[in-house]
Amino acid sequence: MVNRKRSMCSSGWLQKHFKDQYVKAAHRQKLRSRSWFKLDAINRMDALFSTGMTVIDLGSAPGGWTLYVKNKIGRTGRIVACDILSMCNISGVNFLQGDCSNPNIFKILCTWLGQKQVNVVLSDMSPNTTGISIIDVSRSIYLGNLALNICRSVLMRRGTFLVKVFQGKGLDKYLCDVHSLFNIVRIRKPDASRSHSREVYIVAKERK
Ligand SMILES: C[S@@+](CC[C@H](N)C(=O)[O-])C[C@H]1O[C@@H](n2cnc3c(N)ncnc32)[C@H](O)[C@@H]1O
């Protein structure tokens, strides 16, 4: 009974997914993910990127954001991307497969950056969701904290941070922590982010 209910839910999800205008547009434009539209909307509002920047992309697979950033920062820019999952190669991008909470993975990431100053840290990392909001929110905030710690270690002064987190218990404290590291903090919910989804994006600028 439970399994039948679950499979009905997932087939309903699939139907909705394929009707979604952003899924269709991503398919038409041969983009790697519908998340591309979220980053595009945020970037139009907050102007995150410019030519020659160095960017870290956490939770990068399948690579929608990575390709978006690559186009914005051009040949002189540098991207280091990281995900637990594998990602098809993008020329000019250093991709590291691993869990960014693993100190060894972080060490490699730093080695790849060398002496480069990091202008922007992006995190679109999502936990595997359980449907139990208290668990999903706390896992999302945990990932947000990982990304914030990476900012503390490598993001240059006046640098920018964009992070996805789920709304719920712990978000207020997380926002305070972001505020303590950045002068400007804004919350964004782009159109491509499903209205029933708990996710929001925090844009933090001017690292102190
Ligand atoms: C929504 S997807 C990212 C989509 C991507 N921004 C794009 O446009 O293609 C979230 C990703 O976060 C990754 N992720 C979750 N926890 C992670 C961790 N601890 N370290 C690295 N990646 C992680 C997942 O494997 C998943 O691929």
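A: Glutamate 206 counts as partly exposed, because 13 C-beta neighbours lie inside 10 Å and the exposed class stops at 12 or fewer. The model is a predicted one. Glutamate 206 is part of strand E7, which covers residues 199-207. The phi of glutamate 206 is positive, at about 60°, although the residue is not a glycine. Most residues other than glycine have a negative phi.

Strand E7 belongs to an open sheet of seven strands, in the order E3-E2-E1-E4-E5-E7-E6 and with mixed pairing. The edges of this sheet are E3 and strand E6 (182-188), each of which pairs on one side only. From one strand to the next, the twist averages 15°. In the strand order, E7 stands between E5 and E6.

Strand E5 takes in residues 155-166, and arginine 158 is among them. Arginine 158 also has a positive phi, near 70°, without being a glycine. Arginine 158 is exposed, because 12 other C-beta atoms lie within 10 Å. On the side of E5 away from E7 in the strand order is E4. E4 and E5 run parallel and are joined by five bridges.

Helix H3 lies across E5, E6 and E7 and runs at about 40° to E7.

Isoleucine 150 is 27 residues from serine 123 in sequence, and their C-alpha atoms are 10 Å apart in space. Isoleucine 150 sits in H6, which spans residues 133-154. The count for isoleucine 150 is 22 C-beta neighbours inside 10 Å, so it is buried. Beyond its neighbours within four places in sequence, isoleucine 150 is in contact with Ile56, Leu58 and Val121.

Further along the strand order come E1 and E2. E1 and E2 pair in the parallel sense over five bridges, and aspartate 57 stands opposite alanine 81 of E2. Six of the six residues of E2 are buried, so E2 is largely enclosed by the rest of the structure. Arg78, Val80 and Cys82 point one way from E2, while Ile79, Ala81 and Asp83 point the other way.

The loop between E1 and helix H4 holds proline 62. The peptide bond from alanine 61 to proline 62 is cis, with omega near 5°. Most peptide bonds are trans.

Seven of the ten residues of H4 are buried, so the helix is largely enclosed by the rest of the structure. The buried residues are Gly64, Trp65, Thr66, Tyr68, Val69, Lys70 and Ile73. The cover over these residues includes helix H3 (35-46), strand E1 (54-58), strand E2 (78-83), strand E3 (93-97) and strand E4 (118-123). Just after H4, glycine 74 has a positive phi of about 70°.

The ligand has 23 residues around it, of which Ser33, Ser35, Gly59, Gly64 and Asp124 come nearest. The elements that give two or more residues to this shell are H3, H4 and E2. By type, the shell divides into eleven nonpolar, eight polar and four charged residues. One of the nearest residues, Gly64, is also among the buried residues of H4.

On the scale of the chain, the domain assignment gives domain 1 as 1-30 and domain 2 as 34-207. The C-alpha centres of domain 1 and domain 2 lie 25 Å apart.

How values were computed. Residues numbered from 1 in each chain as written. Predicted model: local features only at pLDDT ≥ 70, side-chain atom pairs only at ≥ 80, totals over all residues. Domains from an automatic or database assignment. Buried ≥ 20, exposed ≤ 12 C-beta atoms within 10 Å, placed from the backbone. Helix = DSSP H or I, 4+ residues; strand = E, 2+ residues; numbered from the N terminus. Contact = placed C-beta atoms within 7 Å. Pairing = 2+ DSSP bridges. Axes fitted to C-alpha atoms, helices over the stretch in contact; angles between N-to-C directions. Near = placed C-beta within 6 Å. Nonpolar A, V, L, I, M, F, W, Y, C, P; charged D, E, K, R; others polar.
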